[in-house]
Structures are given as C-alpha cells and as structure tokens.
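Biologist: Please take me closely through one part of this model, and then say how that part relates to the rest.

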2 protein chains.
Amino acid sequence: MTQTDLTHRFLADFHEVARIGATEHQGVERQAATDEDRQTRDWFVAFARERGWRVDIDGIGNVFATVELVPDAPAVLTGSHLDSQPRAGRFDGAYGVLASLHAAAEVERRVRAGELTARNNLVVVDWFNEEGSRFAPSIMGSSVHAGLMDREEILAVRDLAGTSVRDALTAIGYLGDAAGPRELAAYAEIHIEQGRILEREGIEIGAVDSSWYTQKLDIEVLGEQSHTGATAMEDRRDALVGASRVTLLVRDICTEFPPGTLVSSVGQMTVEPNSPIVVNSRVHLVADLRANDPAIVREARDRLMARIARVAEEERLDIAANDFDIRPNRYFPQEGIALQERVAGDLGLSIRRMQTMAGHDSVAMNTITPSVMMFVPSVDGVSHCEREFTTDDDMVRGVSMLTGVLAELVAGALDGVAYPGTAPEDAR
Amino acid sequence: MTQTDLTHRFLADFHEVARIGATEHQGVERQAATDEDRQTRDWFVAFARERGWRVDIDGIGNVFATVELVPDAPAVLTGSHLDSQPRAGRFDGAYGVLASLHAAAEVERRVRAGELTARNNLVVVDWFNEEGSRFAPSIMGSSVHAGLMDREEILAVRDLAGTSVRDALTAIGYLGDAAGPRELAAYAEIHIEQGRILEREGIEIGAVDSSWYTQKLDIEVLGEQSHTGATAMEDRRDALVGASRVTLLVRDICTEFPPGTLVSSVGQMTVEPNSPIVVNSRVHLVADLRANDPAIVREARDRLMARIARVAEEERLDIAANDFDIRPNRYFPQEGIALQERVAGDLGLSIRRMQTMAGHDSVAMNTITPSVMMFVPSVDGVSHCEREFTTDDDMVRGVSMLTGVLAELVAGALDGVAYPGTAPEDAR
C-alpha cells in the first residue's frame with residue numbers, strides 16, 4: 001500500500017465515522033453508551049473483523065481488537081475513545097481511535113511483508129466513557145482497566161435519568177466478560193491538543209511529558225423553596241443566588257495567581273425545583289480546578305472553601321463542598337519522549353515537549369505500562385464544541401507519526417522501561 | 001347538617017386529597033396534567049357526581065361541576081386549582097377547591113331546604129395549570145376561559161420534555177369540548193395568603209382589593225462551548241458566568257427601592273450542555289419582577305437591561321432579554337369588598353383589606369365578571385414549599401366565610417355590578 005492509499009483510506013474512514021451522531025454544525029453527539037456510541041463501536045468492530053483481528057469486550061465496555069503478530073507475546077496497546085461530550089467536536093477521541101486502526105493496519109502489513117520484525121503483538125482499543133458527561137467521573141474505561149477505579153462501583157454509577165452504567169452498556173450490547181490483553185509492553189495514544197501552543201508555534205507534533213494536577217469540588221447549596229411573588233426578600237433563602245456567587249468565586253480565583261498557571265470553572269449546575277415562580281431550594285454544582293503546580297490548586301481550593309463558607313453565612317444557606325476526582329501530576333517515561341523525537345526526526349516532522357491540561361486515557365494507562373502520548377494541532381485551540389477543528393494535513397501527519405511509533409514499540413523499543421515516568425526534577 | 005358535620009367532612013376530605021401525590025415532608029407534587037393531577041381531578045368529579053351535579057370539561061382542561069338551582073339563570077362560579085408546584089405545599093389551590101365544593105354543598109342544602117332564595121346557579125371549578133411550573137405561563141385555564149390567552153396557542157405549549165399541553169391533557173383524559181357556564185353572575189375564590197400580614201396582625205380573613213403589577217424577563221445567554229481544562233481563561237466565553245452575574249443583578253436591584261416595594265428573583269435556569277468538564281454555551285433564565293407600583297417595576301427593568309448589556313460586553317457573550325407575561329394591577333370591585341366585610345361581621349370574623357403579590361385565577365376572572373378574592377392566614381408566610389401550613393381552624397373559618405359569600409352571591413348580591421373594579425384613587 002502506498003502512503004497515498006493510506007492517507008486516502010484514513011481520511012475517508014475518519015469523515016465517515018464523523019457522520020455518526022452528527023450535529024447540524026459539523027460536530028457530533030455520541031455520549032457514552034448511547035445508541036450513537038453503539039454505532040461507532042459497531043463500525044470499529046466491523047473494521048477489525050474485516051481484517052481478521054480478534055475482537056474482545058471487557059466487563060466495563062472497553063473494546064479490544066487484537067492483531068496477532070507473535071503468539072503469546074506481550075501487547076502494544078494503542079487507541080483512544082469514540083464517545084463524545086454533548087454537541088461536541090468530531091476530533092476529540094475519535095481521531096485517536098481512527099489513527100490507531102489505520103496505523104495498526106500499516107504496521108501489520110509491514111510485519112507480514114517482512115519489512116519489520118515484531119517482538120510484541122498489537123491491540124487497538126476503544127476505551128469506554130472517557131468524557132464523563134453522561135456518567136461521572138471521566139476516563140472510566142481505562143481507569144478500571146488500570147485498576148484505578150473499581151469495576152463494580154463504576155457499573156453502579158447512574159446518569160441524571162437514573163440509568164446505571166451496567167444497564168446502559170447491556171442495552172447497547174457492549175457489556176462483555178473478556179479480560180483484555182494479558183501482558184502489556186507499552187501504550188500509545190494520539191489526540192488533538194485542545195489548546196493553542198502547537199498552532200501558535202507552528203509545530204506539527206506535541207510530545208506530552210506530563211499532565212496537570214487537577215481536582216473537582218462537588219458543591220451542594222441548600223436553601224428553602226418559597227414563592228417568588230409572595231415571599232419578602234429578607235425572608236428568602238435562595239439556593240440559586242448562593243450558587244451564582246459560588247460560580248463567580250470559582251471563575252475569579254484565577255486572577256489571584258500568575259496568568260496561565262490556574263484554570264477553574266463550574267461546568268455542571270442542576271437547579272431544583274427550577275420553576276419560574278419558585279425560589280430554588282437546592283443547586284448542585286461541579287467546580288473544576290487545574291494547574292501544573294499542585295500547591296496552586298490546593299491554595300485556590302482553600303481560599304474558595306473559606307469564601308464559600310462566607311456566602312453560606314451571608315445568604316443563610318447550607319453549602320457543602322467536597323473534594324473529589326483528585327488527579328496528581330503524572331509523568332510519561334523519558335524513553336517514550338526520546339522515541340517520539342527520533343521518529344519525528346526520521347519523518348521530518350517538527351516536535352516539542354509539552355504538558356496536557358486535559359485528562360486522557362494515556363494518563364491512566366501510564367500507571368501500568370510505559371505510555372507514549374502525542375498531540376496534533378487544534379485550530380484556535382477550541383475543543384468540546386462543534387467548532388473544534390484539525391486540518392486533514394495535520395491529521396495525516398499524526399497518523400504517520402503514530403505508525404512510526406507503533407512500529408518501534410512492536411519491535412520492542414520500550415520493552416522493560418520503568419513506569420510511570422518521573423518528574424524532570426526528581427530525575428536530576 | 002350541623003356546622004360540626006360540615007367542619008368534620010371538609011377536614012376529612014381536605015386531608016384525604018392531600019394524600020394524592022404526597023411527598024415525604026407533608027407536601028404534595030401534582031404538576032399540571034400529570035397522573036397525580038388526574039387523580040385529584042377524578043376525586044373532584046366523584047365528589048360532584050355523588051351529589052348529582054353535572055360535570056363538564058372544557059377545551060383547556062378546566063373541570064366545571066354545576067349545581068342547578070334556577071333553570072337558565074346565570075352562574076356564580078367558585079373554585080381554584082388542584083395542580084401544584086414541584087415539592088409544594090398541600091394548601092395552595094387545593095384548599096380553595098375543597099372549600100368551594102363544601103361551601104357549594106351547604107349553599108345547595110340551604111336553597112333546597114327553603115332557607116335561601118336563589119337567583120343564580122352555582123358552579124364549582126378546578127382551573128387547569130394555575131402554577132405554570134410544567135407548562136408556562138401560569139394561570140392558564142382561567143386565562144383561556146377569560147379570553148386573555150388563545151386556546152390553540154396554549155394547547156401547543158410544550159414542557160421541557162417536549163410534551164404539549166394538548167397531548168398531556170389527552171393522556172390524562174381531561175381534554176373536553178364543553179364551553180363552561182353560559183353566563184356569569186360573579187366569581188369567588190378563597191386561597192392561603194402566602195405572606196405574613198394576616199398572621200402578624202392576628203386577623204382571620206383578608207379581603208383582596210387589588211393585585212400587584214408583575215412582569216417576567218426571558219433571558220438567553222449565549223457563549224461558546226469549550227474544554228474546562230484545556231481552554232485558557234481569557235479565551236472562554238462562559239454562558240454560566242454571565243447567567244450567574246445576571247441572577248445576582250436581579251436579586252440586588254431590590255435594594256435600590258424602598259424596602260418591601262419590589263420583589264425580584266430568577267426562578268428558572270437551564271444550562272447547556274451542563275457537563276462537569278465543559279464551559280457552558282447557553283443558559284436560559286426567567287426573571288420575575290413584582291411591585292404594587294408599575295413605575296417601580298419599569299424602572300427596575302430598565303436598570304437591569306442596561307446592566308445586562310454591560311455583562312454581555314464584559315464577558316463577550318450575547319445576551320437577549322425580553323419582556324413577557326406583563327400583568328397590570330387589577331382591582332376587585334368595591335362592592336365585593338363591602339360584601340366580604342358584611343359577611344365577616346355576621347360571622348364574627350376579623351377582616352382587613354390587602355393586596356396580592358402572587359397571581360391568582362381570580363385576577364383573570366375579574367376581567368369578565370365581578371370577582372371576590374379572600375385570603376386565610378399562612379403560618380410563617382411560607383408557600384410553594386413543603387413547609388407551607390395553615391391551621392385547621394383557619395381553614396374552617398375560611399369555609400364559613402366562603403359559604404356566607406356564596407349564599408349572598410347566589411341570592412344576587414353582585415348582580416349587575418361593574419367589573420373590573422377601579423383603583424381607589426380613580427374611584428375618588
């Protein structure tokens with residue numbers, strides 16, 4: 001197969017999958033374990049079976065497609081996720097899965113043609129529910145696989161309509177009992193950057209060396225339901241007023257730290273009883289705090305807790321704020337970064353090291369196997385929206401990059417490397 | 001029937017109906033055209049049919065029970081609504097319907113026994129969707145009956161799940177084709193005050209002379225969806241931040257006017273896409289402004305519009321704010337107030353004139369027939385919540401009061417009186 005054929009087939013498949021759950025403004029909506037998610041999974045399974053790859057589904061809905069190259073050898077795992085946020089872009093996750101399928105097909109061709117000697121097998125994965133929009137928290141499938149979350153607890157998680165993960169996966173036919181690869185040699189993932197650094201610097205590939213420290217705050221504001229017309233202002237205990245003040249506190253805390261070092265926001269807010277002429281009694285919020293430096297997140301969190309307590313007192317509300325989903329900085333192995341730089345050099349691609357502010361399946365996988373995480377540029381840095389965009393040329397360069405990395409990994413480039421990686425300062 | 005029998009039967013029925021849609025903290029949830037609303041309607045119909053009263057359902061789901069006393073004579077209409085807010089109190093609306101049924105039964109007894117000479121018939125009504133929580137706006141059934149809203153437009157209104165009023169009424173079997181009473185002599189309604197004035201002053205009955213000027217603002221905040229982790233703070237256009245600022249502006253505007261003259265709040269807020277790790281792109285809010293003096297509402301509204309435009313500019317959002325559901329002051333006829341004072345005097349009940357800040361079916365009905373509106377005390381003034389409470393004694397006094405008023409109205413006390421009433425200053 002020529003490079004032109006590979007390019008052509010990858011792009012045709014990418015744009016075909018983007019039609020599943022397509023929204024009117026060129027985005028997609030395929031939240032975890034919905035029928036749209038099922039359709040992309042069916043497409044993934046068909047792609048694998050056409051090539052004679054074995055398909056296994058595990059007990060949390062991850063789908064593995066195995067390209068057997070060396071009987072009983074460890075596996076190089078590669079993939080991302082096909083689920084999406086509501087009214088999301090068509091690149092986040094899906095790009096990485098499609099790139100992995102096509103890169104794996106090309107590596108298999110090279111091995112079968114005798115151009116490459118394999119020491120490991122190759123497995124492509126579609127991780128369940130990376131996004132966490134329908135079922136919280138995010139990065140479920142890979143976290144369960146890595147042993148960071150308990151499978152039974154996760155299967156019992158419910159969406160806002162009361163449906164459990166177990167029932168939703170059963171309903172779409174993707175709750176299996178396979179175990180996934182028995183032994184791993186390495187994990188590789190490619191993803192859109194979702195930020196502006198590569199675009200601003202005109203660089204083609206980002207080699208991710210670490211992830212930011214992140215945490216969420218689960219905040220419940222309790223007031224008292226009353227009539228918006230008949231209740232005197234001084235008698236009200238309005239939960240939505242409290243929640244609005246908290247939302248602004250969370251946004252404004254960033255200005256107290258050096259520019260760009262902290263991002264924070266309230267993404268989810270549920271209002272009860274939410275009727276035009278009723279003062280609300282309960283609002284549930286989820287706040288998200290992220291920084292590279294854990295001390296900044298902790299300081300911001302402490303200041304917020306003190307101010308939230310003040311809001312509760314001033315508005316005569318009960319506000320409970322609890323830490324959850326704390327994710328420490330994670331470091332990818334230096335050997336994987338060096339491998340990326342070598343492959344990029346061979347392909348004539350520009351590359352730089354960078355951090356990820358967003359969470360990814362690779363961050364979970366890096367806790368159990370040496371992992372390699374690559375970015376391609378995002379136009380305007382926008383993501384989690386229909387306007388998310390990456391050019392065909394950038395996507396194709398990423399497929400070449402991933403193909404080169406997978407070829408090295410299958411040949412054993414990271415076999416025996418220590419994981420997780422360490423912080424550069426610890427390594428010194 | 002003795003007064004003790006009447007009291008006993010009224011209280012037994014009131015507390016029986018309070019079991020339909022009961023919540024765990026002694027409230028009820030019976031939003032319009034739900035199955036719980038159907039159950040209260042079925043109870044109402046059974047009460048009427050047991051007494052041989054004719055039951056008619058009109059084309060917007062209002063239920064009329066006719067006590068024919070004088071063939072072809074005009075009707076005195078009395079009632080309220082059996083629907084409720086979410087997690088609401090058991091008194092709002094239901095008290096007025098139950099009081100009307102029992103008062104009507106007693107008036108019928110007096111007429112049949114020759115103790116009272118009737119010039120008018122008597123009809124008890126359960127108005128559809130007074131609350132407006134599931135289907136907006138509120139006071140639907142009586143407003144359509146009074147010609148203030150268009151029936152076809154209202155039947156097409158949809159709830160947040162996309163169900164139309166027409167389909168919801170059809171589903172519970174309460175979309176009819178009757179016309180309701182052919183000619184009206186008067187309308188009478190009794191309701192809990194939902195405020196603290198009667199309780200504070202130790203007065204048993206409130207004679208409502210007018211309603212406050214009210215308006216709503218329909219506010220849509222549009223930003224841009226993006227990733228809460230990967231998007232720089234300065235690149236965000238966060239609709240929830242804008243909506244939070246608007247919510248606080250609406251609450252704080254009250255402090256700029258004399259205490260107690262203006263109440264304002266945001267009751268409804270819908271957030272999209274509402275995912276923990278997505279910056280929200282769209283928030284829809286409904287703000288509610290009420291004052292006795294229309295100039296205060298208009299001034300508050302103008303100041304809010306200017307400040308909302310500033311929020312839009314500062315946060316780089318598009319915010320559209322539109323006036324809707326403007327309800328002018330309405331004045332009940334002075335003859336009806338005088339009638340109430342006379343009846344209260346006969347019964348030895350204390351009474352005072354007062355305004356209503358909340359909307360009621362009587363306000364709509366007063367535009368087509370002379371209407372009489374009465375309040376009984378609310379403990380702590382709380383309403384639209386499970387803690388809403390009125391004592392049995394206060395309820396029973398109200399039933400006696402309504403019975404006395406209905407007896408006078410059936411005898412022709414307000415026949416030929418001009419409506420709607422006029423403001424006291426206009427009358428001078």
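Modeller: Strand β3 (residues 75–80) of chain A runs parallel to β4(A), and 6 bridges join the two. Strands pair here if DSSP finds at least two bridges between them. Helices (H or I, at least four residues) and strands (E, at least two) are DSSP runs, numbered from the N terminus. This is a predicted model, in which local features need pLDDT of at least 70 and side-chain atom pairs count only at pLDDT 80 or more, while totals for chains, interfaces and linings use all residues. Residues are numbered from 1 along each chain as its sequence is written, and chains are lettered from A and ligands numbered from 1 in the order in which they are written.

β4(A) also pairs with strand β2 (residues 63–67) of chain A, here antiparallel and through 5 bridges. A:Val125 in β4(A) has A:Gly79 opposite it, and A:Phe64 also stands opposite A:Val125. Together with helix α3 (residues 94–112) of chain A, β3(A) and β4(A) make a right-handed β-α-β unit. Right-handed means that, with the strands pointing away from the viewer, the path from the first strand over the helix to the second runs clockwise.

A residue is buried if 20 or more other C-beta atoms lie within 10 Å of its own, exposed if 12 or fewer, and partly exposed in between, with C-beta atoms placed from the backbone. A:Asn121, A:Val123 and A:Val125 point one way from the strand, and A:Leu122, A:Val124 and A:Asp126 point the other way.

A:Leu122 is also among the residues with the most contacts inside the largest nonpolar core, which has 93 residues. Such a core is a set of buried Ala, Val, Leu, Ile, Met, Phe, Trp, Tyr and Cys residues joined through C-beta atoms within 7 Å. In soluble globular proteins, nonpolar side chains tend to be buried together. A:Val76 is listed with A:Leu122 among those most-contacted core residues, as are A:Met374 and A:Leu402. Beyond its neighbours within four places in sequence, A:Val76 is in contact with residues including A:Asn120, A:Leu122, A:Ala185, A:Leu406 and A:Val410. Contact means that C-beta atoms, placed from the backbone, lie within 7 Å. A second, separate core of 89 residues includes B:Ala33 and B:Tyr331.

Between the chains, 59 residues of chain A are in contact with 59 residues of chain B. Elements giving two or more residues to the chain A side include β7 (213–222), α8 (239–252) and β9 (262–272) of chain A.

Key:
Contact = placed C-beta atoms within 7 Å.
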